[in-house]
Amino acid sequence: MKAILSISLIIFAGCGRPAGSDGQGKGVEDGAKPDATIGVSVLTLTNPFFCELADAMKSEGAKHNFEVIVTSGEYNVANQKNQINDFIVKQVDAIVLCPCDSRAIGTSIGAANAAGIPVFTADIACLAKGVKVVSHVATDNLGGGRKAAEAVIEMLGGTGKVAVIDFPEVESVILRTTGFKEVISKAPGIEVVGYWPGGGDRGKSFKAAEDILQSYSDLDGFFAINDPSGLGVATAVEKAGKSDRVKIVSFDAQPDGRKGVKEGKLYATIVQYPDKIGRKTIDAIVRYMAGEEVEPEILIPCTIYRKAHADADPTLAADKGQ
Amino acid sequence: MRSSRSHPVLSRFTANYGMLGVLAVLCLYYSWATFQRQHPTGDDASRVLARKLARSVDQKANVLIAAKEYEDDIRFAESLAARLEGDRFHVVESVNGEPAAIRAAIERLLAAGTKIDVIATPKSSQLLATNLKKRIPELANTQVVVPDDYWWPTFLLGGNLLGVANRIVVIAVIAVGMTMVIITGGIDLSVGSLLALSAVLTARLIAIAGGIEATPPAMVFCCLAAIAVCAGVGAFSGLMITAFRIPPFIATLAMMEVARGLALMITKSRSISDVPGSFDWLGLDADLLSVPNAVILMALIYAAAHFVMSRSRLGRYIYAVGGNRQAARLSGIPVNRVLIIAYIVCGAMAGLGGVIETSQFTSGDPKSGLMYELYVIAAVVVGGTSLAGGEGKILGTLIGAFIIAVIQNGMNLTNVESYTQKVILGLVILGAVLLDTLRKRGWRRLAGEQ
């Protein structure tokens, strides 16, 4: 019996403090009762993109006196199922999901529907049929692709030959290249010599770029569909000694990509705004709860990140100081 | 445990099921920690609200009933309308719908010159009603009335308790096979991957057998086929372990990689969802007293396994093989056959777990079951089974599985962050096993052994 007592002490020591006794207090002033509770389950909290998204939802939610509870499925839809069940039991007012699996999430969204809780998706859409999602908030990848084409035209001064490092297995990348084609085909001076698969990966894109530089000695630039492939291309260009002539536009504006722009390896990268996705999602919830019509899809526009932005970027300045 | 010595029955009970106390403490703790305001729904909400209106609102008030459009709220609106009509109130309209539809209905009523004195709404639409009151000037004098909250532990809500049982079904079912394997002195690391293999095989076979138009018998056959494949993989592991003396850890580690790879190959790493909606019968439906079918299946499996392990010859053989393999062989027990059977059962249970998971999601996901082997082993060990083999109880494993489920559920209900949850779960598993070790050692010392 003594032993059982000791184990219960261990458990209390473990759970007592973080649990609290009222289960409240995140994103809301002490003592105040929140107007609404929002349950969030993101794909993972190990990727800065989703951390920014979740933080933005918390801070934006606090402005409206919402309590925002953030959990993470960590790529496992079974975890998300349990988290959603617990949200339903807690009678949250709305659920926001970045589904770990666009189809398998369907039954859980169905359960939330049956409990009368509105569901919103952020960044990753739900593809399951027969369930209701109030609104999907995500990056406008099509528009981002158009912006990338504008950046390429600007980079080449309106004339030149450009190669594309592609990754057509991913839905969002297909949208990016579609937008890119749409705008670049209207620029008379620019010729796209072709699309090569780079797997969204630094190593693969490096090899692809080496081969392309061999076969097109008069090439002027690249568009790479994300930062790792852009940086892989940059290494190949450097190795070929063509850094002066061949320039690169990439996508995502991850810290590595922004650094590449600052160091001149990349001409520009296209910025996605996870924080805006988070804020717009909360905004959609607020409007929904005021009885307004909410668009089924809300797209966040991308912008171009050039050297001037990199020079003024405080996160990179701190980096340089080290 | 001096008192235990004088009560042999009690002593045996605490030795076998001491973890029941831990489970009870956890349940009590989370009941206390989640003692919160609850919002009544459905008919309860309408009864409470009707009484509140009768008490606090002027006679002949014009009442608008506004609620969402789902089962509980529809029942709320219907029964409240019936209750208020009998009273002195005038129900101008009862709306069930999306917030935008409710807003449109209110604007329509106001445009037609109807005065709304009271908006009666369940808690779930209170925010909408107060928002509308702020935004629509004609509602400035309107009262928003919601049913009063009551206090009750969220943990002890019926829906939550069933949810706890439901969330652990897959782990608990696999843990049956794992308990047998661990009692033989072995281990099976392949169960998580086998679950994924079974999940994608089930989904793929059903897709072949007619996709969303597959018939129930065809679906049952597909499930059995997937379970049989997993049992076959288990048999293969068992064969490697017995015939070639490969350590169980290594043999099943290899099968873990093989099965995961096969699952990814079959699906090209995308989940398969060409499954009829009715396939969720096992994982989501509840036919008997609102207990989910999967939970009933789990209970049946535990009853059968408890019988096998405590009353049948196979059960005795499994304990004997794990206790002392040499002695078992000398006393004529077919050691190799017993070992292979244990791994077959474990594989089949992982296969069944995969079928349940496919049913819960109506899709087969090759990424499912990641890390499940560790949760399953944790459930078995927390349940009092010794990794050295030879001792353990099937029902102990069930308790172990529930301990893990209660901790996970309780931490979600009390808003513990994801990372902290991992730390706590790890410490609790360690603590539980430590307790078990201390208890056993202390008991031996007191009994005067060594």
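This is a predicted model: local features need pLDDT of at least 70, side-chain atom pairs count only at pLDDT 80 or more; totals for chains, interfaces and linings use all residues.
Trainee: What makes chain B and chain A count as being in contact, and how many residues are involved?

Mentor: Contact requires heavy atoms within 4.5 Å, and by that criterion 60 residues of chain B are in contact with 60 residues of chain A. Put together, the two chains bury about 5200 Å², with 57% of that area on carbon and sulfur atoms. In chain B, the residues that lose the most area to chain A are B:Y29, B:F361 and B:N415, which together account for 13% of what that side buries.

Trainee: Why is the pair A:K132 and B:E98 called a salt bridge?

Mentor: The term asks for a side-chain nitrogen of Lys or Arg within 4 Å of a carboxyl oxygen of Asp or Glu; the side chains of A:K132 and B:E98 meet at 3.7 Å, N to O, and the pair therefore qualifies under the 4 Å limit. Between chain B and chain A the count is four salt bridges, while 17 residue pairs, both members at pLDDT 80 or more, are in polar contact.

Trainee: Which elements of chain B supply the side that touches chain A, and which gives the most?

Mentor: Those that each supply at least two residues include helix 3 (19-33), strand 1 (35-38), helix 8 (158-183) and helix 16 (335-361), and helix 19 of chain B gives the most, with eight residues. By class, this side of chain B has 26 nonpolar, 22 polar and twelve charged residues.

Trainee: How do you know that A:R306 and A:E154 form a salt bridge, and what does the pair tie together?

Mentor: Their closest N and O atoms are 2.8 Å apart, which is within the 4 Å cut-off, so the pair is counted as a salt bridge. A:R306 lies in the loop between strand 12 (303-305) and helix 11 (307-312) of chain A, whereas A:E154 belongs to helix 5 (residues 141-155), so the pair ties together parts that are 152 residues apart in sequence. Over all chains, the whole structure has 27 salt bridges.

Trainee: What are the domains of chain A, and how far apart do their centres lie?

Mentor: The domain assignment gives domain 1 (34-133) and domain 2 (141-272 + 306-321) for chain A, with their C-alpha centres 34 Å apart.

How values were computed. Residues are numbered from 1 along each chain as its sequence is written. Chains are lettered from A and ligands numbered from 1 in the order in which they are written. Side-chain values use heavy atoms; hydrogens and water are left out. Buried area is the accessible area (1.4 Å probe) that two parts lose on being put together, summed over both. A polar contact is a pair of N or O atoms within 3.5 Å; within protein, one must be able to donate a hydrogen and the other to accept it, and residues adjacent in sequence count only if both atoms are side-chain atoms. Helices (H or I, at least four residues) and strands (E, at least two) are DSSP runs, numbered from the N terminus. Ala, Val, Leu, Ile, Met, Phe, Trp, Tyr, Cys and Pro count as nonpolar, Asp, Glu, Lys and Arg as charged, and the others, Gly among them, as polar. Domain bounds come from an automatic or database domain assignment.
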